[in-house]
Every structure is written in C-alpha cells, then in structure tokens.
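Open the model in your viewer and keep the selection panel at hand.

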Amino acid sequence: MNIGLGITGSFCTYKQILETAENLTRHNHNVIPIVSNAVLNMDTRFGKAEDFILKLKEITGNEIVSTIVEAEPLGPKNVIDVLAIAPCTGNTLSKLANGISDDAVTMSAKAHMRNYKPLVISVSTNDGLGLNLQNIAKLLNEKDVYFVPFRQDDPIKKPKSLISDLSLLEETIESAVKREQIQPLLLSSK
C-alpha cells in the first residue's frame, strides 16, 4: 500500500513514530511522510527537527511533504491508499473536525478524503477528555475516518490526556481499508 504518514507535533512520540515507519516499510508499504510546520522547524528536548526529518527520509526512502503546495496534489493525483496521522495532536484534531487545512498534514487529509479513502487518526493529546473530546466525537461520526485504539496515558497525573497504542497502527490501517473500525476502540490503562 501507499501510506501517507502525517506527523504532527507530539514530540514525545517521535521515537515510536520512527519505529512505526520502519515497521511499515519492512512490511513492504511505501510510506510517504507528511509533516506539520512544528515537526519541520521545532527543536525540543526530544531532539532536533533536522535529525528527525533526515531519519524519516532515510527510513522511508521518500522526500518529506512539508508544504500545502506539496500536499494538495496528493488527492487529485490519487497518490495514497490510506492516510494515517500519527501522532495527531489536539490542535490537528480540532482543525480536522472543523475543516481547517492550514498546513501540509491537514491539507493532505482534505485532499485525500475527497477521494473517499480512509483517514486513520492516532490520537496524542493532553486534552482528549477536555476541550478536544467534542472533536474526537465529531470525527468518530465522519465517514472514512478511523481511530487507532486509545487510552488515558496517565489517569492520575494527566486525567484528560489520551494516547493511541501505536503498536496497533498497521492493524488499524488494514481494517480501515476494509472500512472497519478496529475494536476495542477504548483501551484500559496500562
């Protein structure tokens, strides 16, 4: 499959994202990395943006899609079979739920969904059970939108925070292509 991998600014998940991209390519999927402005430009305590981008290119063997201009043709040219946004921050959830496409990731989602192809969301947000709960609910009711199963990542210290289990991303993608939501959607805490 040609899998678009939209990556947004949940920097703490980047090690897992690189492992996930490596796993997808190992299973003979063509992974096209699409990154938000934060991913492209922000150095954090989790690493330098440039190092992450270089590693992503090395793993996938593809150029990074990082602008609206580069992302928009993905839809009309029918380039990808499924788009997985992993991690999908609360900011990106909000944009998707409200039809905002102001970066490469959200534009690729808009362009991709015009072809009625599956969009897979891997939640990673500190306010999933707060302000972003309404956006999750809205997206759960959208046709062609599927979620990687998620849980509270720290119910005591961060009771509103949700994170998907990235080990289930490939299985979620395979189910989404068959138009099925992987179950259970809500996982128990670790």
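Predicted model: local features only at pLDDT ≥ 70, side-chain atom pairs only at ≥ 80, totals over all residues.

Beyond its neighbours within four places in sequence, Phe52 is in contact with Ile7, Tyr14, Ile17, Leu18 and Val39.

Now widen the view to the core. Phe52 belongs to the largest nonpolar core, which has 28 residues. Which members touch the most others? Select Leu5, Ile7, Phe52, Leu56, Val120 and Leu169.

The largest share comes from α1, with five residues. Apart from this core lies another, of 26 residues; Ile32, Leu83, Met107 and Val123 are among them.

Return to the helices. Hide everything but α1 and α3. How do they pack? Their angle is about 15°, and their axes are 9 Å apart. Because the angle is under 35 degrees, α1 runs roughly parallel to α3. The crossing of α1 and α3 is right-handed.

On the α1 side, pick Tyr14, Ile17, Leu18, Ala21, Glu22 and Thr25. They meet Phe52, Lys55, Leu56, Ile59 and Thr60 in α3. Colour this contact by residue class. You will find seven nonpolar residues, two polar and two charged.

Finish where you began, on Phe52. This residue sits in the α1–α3 contact and is one of the core members that touch the most others.

Conventions
Residues numbered from 1 in each chain as written. Heavy atoms only, no water. Core = buried A, V, L, I, M, F, W, Y, C linked by side-chain atoms within 4.5 Å. Buried < 20%, exposed > 50% of the residue type's maximum accessible area, 1.4 Å probe, protein only. Helix = DSSP H or I, 4+ residues; strand = E, 2+ residues; numbered from the N terminus. Contact = heavy atoms within 4.5 Å. Axes fitted to C-alpha atoms, helices over the stretch in contact; angles between N-to-C directions. Parallel < 35°, antiparallel > 145°, perpendicular 65-115°, else oblique. Left-handed = near helix turned anticlockwise from the far one by under 90°. Nonpolar A, V, L, I, M, F, W, Y, C, P; charged D, E, K, R; others polar.
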